[in-house]
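Here are my notes on this one, as numbered points. Have the model open while you read.

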Amino acid sequence: MAEPAHSHSQAAKTGPAAAPKTPSMTAVIGGIAFTLAIALIGLALANLPGLRYLGQLAWAILIAAVYRQIRGYPEAVRPGIQFTAKRLLRLAIILYGLKLNIGIVWQQGLGLMLRDVISVVFAIAVTLLIAKRLKADMSLSLLLGIGTGVCGAAAIAAVSPIVQAKEKDTALGAGMIAFVGTIAAILYTLIQPLLPLSDAQFGIWSGVSLHEIAHVALAGASAGEEALTLALLAKLGRVFLLLPLSVVLVLWMKRTHPNESKARPEFPWFLIGFMAASMLGSWEYTGQPIIPLPLKDALSQIASFLLAMAMVGLGLNVHVKDLRRAWRPLLAMAIATILLVLLTYMLV
C-alpha cells in the first residue's frame, strides 16, 4: 500500500542526505498485535447468534474501518499493520493453495484466464471512457481502472511509478479502491444465499469481479472452501496479468514520454507459491495424500485467521473524508465496478 503523500513531503524537509528510517521492532510487533486483537474480536462476533452471518473476515474489516473514522490511522504501529496486510496476506493465500486440488486448475484454468482478461480490459476501458465523459482527472482514473481490473491497491502501487502518477493520487486511489471494494465484498456475502449460483460459480464470479485479493477472500469464504479456492485462483489470474499490463504501460510511456519511465514491475511470487502448494496438497502416494487431512484443515484455519488479520489493514485504509475530494473519478470507478459485476455474472 502506498504511503500518504504528506509523509513524503515531511521526509523531503530533512534534506537529500536523509535516509529512510528502518521500522522499529516495537512498531512492527505493535502493528501485528493490533491486527491480531481486531481479528480476535471479529472471530468472537462471528460466533455470536445473529452476528455470525457476516463471518470473521467481514467483521474484522468493518471494525477496522470504523476505528479509522473515529480514531484515525494508528501511525505509531503502521509498519506492523503493513507487514500483516502484505506479507501475512500472501502467506495465507499460499496456505490456501493446499486446499485446491490441482485437477480443478486444469479443468478451470483456461476458462478462468479468459474471463480474467475480459475483466481487466473491460474495467480499464470503461473506467476511462466514463471518466472522460465526466471530465474527471484522467491520471487518477487510469489508476482506478487498473486497480478495479487487476488487484486493487497493489496494482495501483505497482503501476504508479510506471505512469509517473502523483503520490497523492496513488494514496487517494488506494483509499477509493478499499472503500468501493469493501462495500462490494460485503454485499456479495449478503446476497450469496439468494443467488441461483453454485458455490463454485459464486467463487469464480467473486474472483473475476472484485477488486482486492482480500475482497475476493472475504466474498469467497461466505460460500465455503471450494468457492474460496476457486475465487483465489480466478483472482490470482488477474494478478498475473499485472505483468503483461505493466510491460504495455512501460512501452506506452516510453513512446509518449521518452527516457522518463524506467520502472520495472514486481513479479507476484506468491502466485507461484499458491500453485506449488496446490500441487503439494494434491500429491498422493500409494493412494494416500502426502499431507494428512487433519494437517490441511489446521493450516486452512490458520490461513483464515491470517486473512482476518490482513483485512484489518484493508479496513484502516477506508477514509471517507479523502473520498470527497475526487468524486468524479470515484463515480467513474463505481459505475465501472457495477458494470463489471453484471458482465462477469453473465459470463459465469
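1. First, the terms. Buried here means under 20% relative accessible area, exposed means over 50%, and partly exposed is in between (1.4 Å probe, protein chains only). By that scale Tyr188 is buried, with a relative accessible area of 4%. Keep in mind that this is a predicted model: local features need pLDDT of at least 70, side-chain atom pairs count only at pLDDT 80 or more, and totals for chains, interfaces and linings use all residues. Residues are numbered from 1 along each chain as its sequence is written, and side-chain values use heavy atoms, with hydrogens and water left out.

2. Now the overall picture. The chain has 16 helices and 2 strands, taken as DSSP runs numbered from the N terminus (helices are H or I, at least four residues; strands are E, at least two). Of its 348 residues, 51% count as buried. Take the contacts (heavy atoms within 4.5 Å) between residues at least 6 apart in sequence: 80% of them join residues at least 24 apart. The accessible surface comes to about 16,700 Å², and 67% of that belongs to carbon and sulfur atoms; areas come from the Shrake-Rupley method with a 1.4 Å probe, and for residues only the protein chains shown count as cover.

3. Have a look at helix α9, residues 199–209.

4. The aromatics deserve a point of their own. Rings of Phe, Tyr and Trp (its six-membered ring) pair if their centres lie within 6.5 Å; planes under 30 degrees apart count as stacked, over 60 as edge-to-face and the rest as tilted. The whole structure holds 5 such pairs. In one of them, the rings of Tyr188 and Trp205 have centres 4.3 Å apart and planes at 15°, so the pair is stacked. Tyr188 belongs to helix α8 and Trp205 to helix α9, so this pair ties together parts that are 17 residues apart in sequence. Trp205 also pairs with Phe202: with centres 6.0 Å apart and planes at 70°, that pair is edge-to-face. Phe202 and Trp205 both sit in α9, 3 residues apart, about one turn of the helix. Ring pairs link Tyr188, Phe202, Trp205 and Tyr345 into a cluster.

5. Two loop residues to check. Lys135 is in the loop between α5 (102–134) and α6 (138–149), and is exposed, with a relative accessible area of 74%. Gln164 also has a positive phi near 60°; its loop runs between α7 (152–163) and α8 (167–191), and Gln164 is partly exposed at 36%.
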